[in-house]
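Visitor: I am new to this structure and would be grateful for a guided introduction.

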Amino acid sequence: MNHDLSKLSAIYDRYPRKPQSLIAVLQDIQKEYNFLPCEALKQTAEELNVPLSKVFSVSTFYNAFSLVPKGEKVIRICVGTTCHIRGAKQIQEQLEDELKIKAGQTTEDLQFSLEVVACVGACAMAPVVAVNERYHGNVTVGSCKKLLKKGKKG
Amino acid sequence: MRIENAGQLEQYRRECQARLDKQTRRLLVCCGPGCLANGSQAVSDAFKKVLRNRKIKGFKVEALKETGCHGFCEQGPLVVIEPEGIFYTRVKPAHAEKILEETIAKNKVIDKLLFRDHNNGQPITCYRDIPFYSRQQRIALRNIGQINQCDIDEYIATGGYSGMAKALTQMTPKQVIDEVTASGLRGRGGGGFPAGRKWKTAASAEDTPHYVICNGDEGDPGAFMDRAIMEGDPHSVIEGMIIAAYAVGAHEGYIYVREEYPLAVVNLQKAIEQATEYGLLGENIIGTDFTLELNISRGGGAFVCGESSALMRSVAGEVGEPRAKYVRSVLKGLYDKPTVLNNVESYACVPAIIDKGGKWFASIGTKKSTGTKAFSLVGKVRNTGLIEVPMGTTLREIIYDIGGGIQNDRPFKAVQTGGPSGGCLPEAKLDLPVDFDTLTEAGSMMGSGGMIVLDDQTCVVDLAKYFLAFLVDESCGKCVPCREGLHQLYGMAVAVSEGRATEETLEKMERLSEVVAVGSLCGLGKSGPNPFLSTVKYFRDEYLAHINDKKCPAGVCRELIRFEVIEDKCDGCMACVAACASNAITGQKKEPHVIDQELCNKCGACRTVCRRDAILVL
Amino acid sequence: MISMTINGKVVKAEKGEMLLKVTRREGIDIPALCHHDAVEPFGGCRLCMVEITKADWDGWKNYVTACLYPAEDGLIIQTHSAKVNELRKGVLDLLAARCPNSPEIRELAAEYGVPQTTLEEVPDADNCIMCGLCTRVCERLGFKAISTVGRGHSKQVAPPLNEAPPDCVGCISCAQVCPTNVIPYKDINGKRTIWEKQFELIACKECGKHTITTDFADALCERRAIPRDYFDVCDDCRRKELSLKMGSIVAWSREGTS
């Protein structure tokens, strides 16, 4: 898969070209491309003077990074403790059912990715589902469909 | 504008206060995480829209403020009208016009938006009279929900940066450390290490440079105090860090923020820019020769990075693996240099300590755990939200007086504190005072402040399994006991929950827990068995019910339960039929429904939606 | 010099040297799978845990890894107390479940009373115990060709992007240092394959024996300013050549003096 890598240089320019900038740079690449393309990892290694092995190690260690393309909308089901005891599992199963993918996967049309996240810090509204950066509180099995519809619209 | 000295800061403060005083009415819309999830942004936008089209007598647009978490998340979206403290709950965008026309313009309180006491149903107008608030004492959360979250002028108006000015212009670094030592402040991240002692060690370390770091990697699932502070009062954290940096001679600092908190990053960044513009941060702070540069370091999504040595490696752009603690990070921390690491809440307390004195802070709380502590009170409690109480307050006071007891008047079962490193305390422990040492002694821990209340419909085996799964996911994988041991413990917890275990399994789990607790390299592994150990200690019978009777008394563990409709109670409303994802429930309107046990996947959705309590768990 | 007590015997040591170094010097056998003198101590396998206390600790005991605990005056150390053996047994039980097919692990586990793991064996497990010695040695040598990938229970050692590692020179230090011999490599017909990357082996000009890879030789020449032709002959032949030279020098000098 070829990706337009021209946006990378702007990302490198935001930070000092030092190994310390690695995580910040990878975060920006992830945000820009919705994943970390292989070529971008190689270029990052050169730009920041970090061994490629370390770039790979870091990009597979942290949850924030993905080496495969993510969907346009990332649905994050909060599975923090409060959400868990208030039925996050049911919500997860319902959304998996609706989207026909498991948590951690992306729909074939690259529209949705489904993820679980350990606490988004909105416990009072548990269970919580975030669609990209927008939070939805007190989600029920019944409201999942609505949520996806809203998500599709944007 | 650049503030050149302490006098100018005071003068500017008076200007800010005067400006605030002119706003005789202030309309505060809570935009904390809970209220945002409930749609408070739309509420705020609705107010703005009305104000664009119409003039409301005696009210200026500037007096509409988007604040951080006001605390009472359960009742959100919240709208507060100051100075009276009129407290509107569950506000919808459609209410905006009415609030402006009635309450702001005509001083009329809208009865149906008020909070109602659950005991007598009486409305309470002012939030300060609601037990949820009246029993709290706020230091770390002093400004949150009170001021516009991204406005440095309001922070200054409420006394902001006066602690810093005092430290930088009237005190030596040693005096600052002495004051913090006298306050008895202990690390709010959960460790409880005395901040003054940490600062003293770092200050006297010969190696240079020194660093200050703020741990904003609030990873405990069920805790959101630090998020609320970083989003709602970022300047208090920055001010605390400047004071710390001055005390230990650091000129460079990092705020490590969890990647799941994008708004915290945005607000902190704004606050850093504002403070730098005012000369309160950066070079020659308020005209002194003290300089501090603060940077934000975004976490990559790894719970283990809450551990100090892992966090420091992550700040340096590396994999967040902890290292052995024989050299303390306060001497060899970031880039192997002396580093002071405190958490968000600790830093937020510091300006108040310098301002009012260590003695004042030490007079609050208990002898060994001074001051106050913020908690996120969540779970099956009636009043969920963000609270702050003096140390030594009992669990019962927190859960019953502030929290209003258990949701739907169900029986209390346990309270979980300390997240995945902590444990569950049963009813018998409810009168324990909440402080660092008492909670640890009881088999749990203070942790960063997540307090999750459990009722009889929460299964402790399921909960232990949940935390173990979390830790297996989050283990960095460096050392054997944590990587392999937690994985094995999780497997055995699953076996218990599925009725495949024997009493020998339980003994094996206890033996293995010892190996993991003693043998692991860092705190994540060392405390990893706690959720299991504390539940098996206080709720052994429940484990045995799973093992011997193949029953889950709380009705949670799917392999051991089945759902049935109680015919007499079912009114045939079809709610469960619609909710069932596996189409296992059939029935006609107004006729009792039936659950097909073959199709049922035991998710419990029917039980959640049933308004008549007609779903029985066996 | 400071003095400590190890298993009841008073022992002198340098302040700050790691306990494992001291115990090894004393000939005490403590298992340690992730330790190698060539690299920084790691503290990953936890097998070298020992019990420490001091006279003024009021009977309180701590359990620390000997590889990462510096010698201190007055330390009282037990390397094989009942509790220590129990902990080691527990860790070995875990390793035996992780790597049920590793002869090295089975042997060590049996020594500590675990002939067979009491835990659930990890299905489809390889013999890697994730001690990280391979990656650390690779880093120490300056190549940094391989690293750990992922985290937690599914953490592995792998080349970047799971492709032939561009920075690998085929020195096979990783394979040689591995305590469970889990990194495969092949030397066939003057070609070496490791991490699915192929290398050319240098054949000795004298005897034809294969020595190191051309990539490794190039890297060494570049870093240590060694002339490239140094690697034309193998160590054995170089020695032979040297001794011949030495022999003629000796012969010549004898002739000269007589």
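**Helix H23 of chain B**

Visitor: Which residues of helix H23 (residues 540-548) of chain B are buried?
Guide: The model is a predicted one. A residue counts as buried if 20 or more other C-beta atoms lie within 10 Å of its own. In H23 of chain B, those that are buried are B:Glu542, B:Tyr543, B:His546 and B:Ile547.

Visitor: Within what arc do the buried residues of H23(B) fall, seen down the axis?
Guide: In an α-helix there are 3.6 residues a turn, so residues three or four places apart point the same way. The buried residues of H23(B) line one face of the helix, because down its axis they fall within an arc of 140°.

Visitor: What covers the buried residues of H23(B)?
Guide: The cover comes from elements of chain B, helices among them. It includes H18 (460-474), H19 (480-497), H20 (503-519) and H22 (530-538).

**Chain C**

Visitor: How many Å separate the centres of domain 1 and domain 2 of chain C?
Guide: In the domain assignment, chain C has domain 1 (2-80) and domain 2 (133-240). Taken over C-alpha atoms, the separation of their centres is 34 Å.

Visitor: How many residues does the contact take from chain C and from chain A?
Guide: By class, chain C's side has seven nonpolar, three polar and three charged residues. The contact takes 11 residues from chain A and, from chain C, 13 residues.

Definitions and conventions:
Residues numbered from 1 in each chain as written. Chains lettered and ligands numbered in written order. Predicted model: local features only at pLDDT ≥ 70, side-chain atom pairs only at ≥ 80, totals over all residues. Contact = placed C-beta atoms within 7 Å. Nonpolar A, V, L, I, M, F, W, Y, C, P; charged D, E, K, R; others polar. Domains from an automatic or database assignment. Buried ≥ 20, exposed ≤ 12 C-beta atoms within 10 Å, placed from the backbone. Helix = DSSP H or I, 4+ residues; strand = E, 2+ residues; numbered from the N terminus. Arc of directions from axis to C-beta.
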